[in-house]
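Student: Please take me through one part of this structure closely. I would like to look at the sheet and what surrounds it.

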Amino acid sequence: MYGLGVLKGLWVTIKNFTLSYFTRKRLTTVQYPEERITLSEHARTFPILVYDESPDKLRCVACEICAKECPPKCISIVRAQDEAGKPLKQPKFFDIDYSVCMNCGICEEVCPFDSIYMDRQFELSAYERSEEFLYTKDRLAKSAEYFSKIRPETAKKVEEKRKAKEK
Ligand code: SF4
Ligand code: SF4
């Protein structure tokens, strides 16, 4: 019937509007920032680099796969070297330009070393676009505890996979 979809939509709106006076579950908005909705495990914003023991021991081995696969090319990596100039399995520099990142999560998907994951932090506004959104290695480094707090299910699976690999 012509217009049935519109009527159904209106009915949902009226129902939610009326019932929102009796139950908060019907509210689709919250009084941010005092109130916050619980984000889904899979909500994602920008990438972070995970470390296990200390920030200078990132899981990242500077393989550069994420940088090559990143569509807007906002990841920049320079591999560290020892005194003899031999490449080390760690980044000397690892920068992500958050002002260019399009939050696609491809870097997380392609990383073979469980090193880069999408964060859920979205309150990142700043006055200076070029400097403040260039996230260096130190700013990107987050502990495994932080990761398991924001993404408990994913972190559990990752830990199981890493333990299985060690056996
Ligand atoms: S984050 Fe992962 S894919 Fe990117 S350089 Fe490090 S180990 Fe390689
Ligand atoms: S989320 Fe996408 S755009 Fe952002 S750094 Fe990762 S691959 Fe690049």
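Tutor: Three strands make an open sheet, ordered β4-β1-β6, with mixed pairing. Strands are DSSP runs of E, at least two residues long, numbered from the N terminus. Two of them pair if DSSP finds at least two bridges between them. The edges are β4 (116-118) and β6 (141-143), and each pairs on one side only. On average, neighbouring strands here are turned by 50° against each other, direction ignored; the axes are lines fitted to C-alpha atoms.

This is a predicted model: local features need pLDDT of at least 70, side-chain atom pairs count only at pLDDT 80 or more, and totals for chains, interfaces and linings use all residues. Residues are numbered from 1 along each chain as its sequence is written, while chains are lettered from A and ligands numbered from 1 in the order in which they are written.

Now take β1, residues 47-51. Three bridges join β1 to β6, and the two run parallel. V50 stands opposite K142 of β6.

Next, the core. The largest nonpolar core has 26 residues, and L49, I96, I116 and L140 touch the most other members. Such a core is a set of buried Ala, Val, Leu, Ile, Met, Phe, Trp, Tyr and Cys residues joined through C-beta atoms within 7 Å. Buried means that 20 or more other C-beta atoms lie within 10 Å of a residue's own, with C-beta atoms placed from the backbone. Strands β1, β3 (87-97) and β4 each give two or more residues to this core. The largest share, four residues, comes from β1.

Conventions:
Axes fitted to C-alpha atoms, helices over the stretch in contact; angles between N-to-C directions. Buried ≥ 20, exposed ≤ 12 C-beta atoms within 10 Å, placed from the backbone.
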